[in-house]
Amino acid sequence: MADDFDLLETNSQEKTSKVDVNWGKAIDTMKSKLAQEDDPESRQKILNATLDNVVGMAEQDRSTLLDAIKDLTDYQDEVGIMFEGFSALNADEQKIIDDAIKRLERSKVELEDANNKPDTWWNNLWGRKSKIKKAEQELKKAQKQRDEADNKAKAMFQQRIETADVQTLLGELSYKSQAAIKRLKDREVEIKEVEESLKTAIVEASNNHTKALQKKKEVEDQLEEQYALLKQARQALEEVSDKQSEAYSEALSKVTTLEQKVEELEGLKNAYTTLAASKDSFVHKHNLTIKVLTSLRSNLQTHRAKLKSDTDERLKYYDGYVVALKARTDQEFAAILEHLGVKTDEHIGETLAAMHTASAKARQEMMDNIPVHEKVMQGVYGSYAEALQEIREKDKSIQKNFADRYGIDMKEIFEDYYKADGSAPSGDGNPAGKPEPESGNDDLLG
């Protein structure tokens with residue numbers, strides 16, 4: 001059974017697609033932004049913490065996470081990491097990329113099918129060439145859609161995380177960590193493969209270096225032999241006295257041939273010397289490269305192992321943080337409800353107390369107003385009696401005036417009106433029991 005705890009395990013048999021990396025200034029930018037997060041007032045924040053200012057700290061956490069996610073997403077573009085393989089996309093964002101991929105694959109198949117049709121007059125008659133042209137145009141459109149899909153999905157992703165909560169952002173950070181772990185392992189595999197090829201290159205270069213030295217030694221032996229022959233030939237040439245003789249021409253030709261041979265051998269010697277030096281140099285270069293790559297691979301293993309282990313622990317840590325945020329919210333909610341309950345109790349108590357006080361005051365006012373009402377009514381009755389007295393006196397004067405002027409005794413008319421009750425209010429002047437005369441067209445007041 002395999003040991004699952006081997007965090008440094010690298011399977012060199014896995015084949016992964018290589019990604020061209022353009023580092024640029026991405027790393028420096030990331031380090032600079034991370035360095036800005038150091039806060040010298042953090043201790044004071046902890047000492048003075050309340051549920052209210054913890055909200056601000058949590059929002060700052062969200063803002064920092066959001067900036068980090070944006071920077072990582074931009075960093076992906078700079079180093080050539082595929083967006084959809086390094087970000088947690090939702091269904092809508094993933095669908096944009098999947099649809100573009102499906103359309104591109106379908107277009108390739110359709111173009112291949114169109115091209116595979118035999119180039120015969122019959123197929124051409126039924127539109128073979130036009131179908132090929134149409135399939136080529138569709139492939140171009142599909143490729144364009146595929147090229148734009150990443151940017152469109154990325155724009156939707158960026159817009160979504162703008163308003164995302166801390167839990168979503170932490171999930172995205174964890175997803176990127178998992179993707180980074182796979183990327184680091186893939187890079188280790190790639191480095192291991194290069195190391196193996198360099199080891200083979202060292203052996204080949206070393207062998208070629210040895211062969212070059214051997215060839216150089218052989219050429220040097222031949223040179224030594226040719227130098228001796230050339231020396232003898234030159235001496236023989238000097239011994240020929242007749243410069244116009246055939247013997248002189250033969251001796252000169254021999255010298256020339258030997259000098260040419262020596263020149264060729266000198267060239268070979270230089271070539272093998274240079275080749276041996278070059279191969280020796282590449283042996284050292286390859287050896288140095290292997291050392292550097294091995295060191296880098298070792299560092300990648302360390303980072304990957306730590307990132308993998310820490311990410312597993314960090315997920316639990318993040319869960320605790322998210323639950324703590326929710327608990328803080330629940331605690332604040334409970335405190336708000338308690339505060340509202342207390343305030344409601346106070347308000348209801350105030351209303352009940354005011355109601356009781358108002359009721360008692362109303363009762364007091366009612367009791368206090370009784371003598372006032374009586375006094376007012378006495379004044380009313382007194383004024384009423386006084387008015388009736390004045391009316392009676394006026395009536396007497398009217399009766400006397402009527403009697404004097406018209407000889408009509410008005411006493412009987414007014415006597416029935418006042419005989420029952422001296423305090424009775426005056427009516428419309430109609431004596432009791434007397435029927436009213438019917439109104440007719442001769443009514444003078446009509």
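The structure is a predicted model, in which local features need pLDDT of at least 70 and side-chain atom pairs count only at pLDDT 80 or more, whereas totals for chains, interfaces and linings use all residues. Residues are numbered from 1 along each chain as its sequence is written, and side-chain values use heavy atoms, with hydrogens and water left out.

## The chain and its confidence

The chain has nine helices and zero strands, where helices (H or I, at least four residues) and strands (E, at least two) are DSSP runs numbered from the N terminus. Of its 446 residues, 23% count as buried; buried means under 20% relative accessible area, exposed means over 50%, and partly exposed lies in between, with a 1.4 Å probe and protein chains only. A contact here means heavy atoms within 4.5 Å, and among contacts in the chain between residues at least 6 apart in sequence, 84% join residues at least 24 apart.

The predictor's confidence in each residue is given as pLDDT, from 0 to 100. The chain averages a pLDDT of 76, and 74% of the residues score at least 70. Among the elements of the chain, helix 1 (residues 26-35) has the lowest mean pLDDT, at 54, while helix 4 has the highest, at 88. Two stretches should be read with caution: pLDDT stays under 50 over residues 1-8, for which the model has eight contacts beyond four places in sequence, and pLDDT also stays under 50 over residues 426-446, for which the model has four such contacts.

Helix 4 covers residues 91-116, and its 26 residues should span 38 Å at 1.5 Å a residue, which agrees with the 37 Å between its end C-alpha atoms; the expected span of a helix is 1.5 Å times one less than its number of residues. At the N-terminal end, N90 caps helix 4, with a side-chain oxygen 3.3 Å from the backbone nitrogen of D92.

The buried residues of helix 4 are E93, I96, I97, A100, L104, S107, L111 and A114, and these buried residues pack against helix 6 (128-162). An α-helix has 3.6 residues a turn, so residues three or four places apart point the same way. S107, in helix 4, counts as buried because its relative accessibility is 2%. Leaving aside neighbours within four places in sequence, S107 is in contact with E138, L139 and A142.

R160 lies in helix 6. The side chain of R160 makes a polar contact with the side chain of E93, at 2.8 Å; a polar contact is a pair of N or O atoms within 3.5 Å, and within protein one must be able to donate a hydrogen and the other to accept it, while residues adjacent in sequence count only if both atoms are side-chain atoms. When neighbours within four places in sequence are set aside, R160 is in contact with A88, L89, N90, E93 and T168. R160 and N90 are 70 residues apart in sequence and 9.5 Å apart in space, C-alpha to C-alpha.

## Two residues of helix 7

Q226 lies in helix 7 (residues 166-239) and touches L258, K261, V262 and L265, not counting residues up to four places away in sequence. Y175 also lies in helix 7, and the C-alpha atoms of Y175 and T311, 136 residues apart along the chain, are separated by 9.5 Å.

The table gives the accessibility of several residues.

| Residue | Relative accessible area | Class |
|---|---|---|
| Q226 | 13% | buried |
| R160 | 28% | partly exposed |
| Y175 | 37% | partly exposed |
| W122 | 45% | partly exposed |
| W121 | 65% | exposed |

## Aromatic rings

The structure holds two aromatic pairs. One of them joins W121 and W122 in an edge-to-face arrangement, 5.6 Å centre to centre with 85 degrees between the planes. Rings of Phe, Tyr and Trp (its six-membered ring) pair if their centres lie within 6.5 Å, and planes under 30 degrees apart count as stacked, over 60 as edge-to-face and the rest as tilted. Ring pairs link W121, W122 and W126 into a cluster.

Elsewhere, the charged end of K285 sits over the ring of F282, 4.7 Å from its centre; a charge sits over a ring if NZ of Lys or CZ of Arg is within 6 Å of the ring centre and within 35 degrees of the ring normal.
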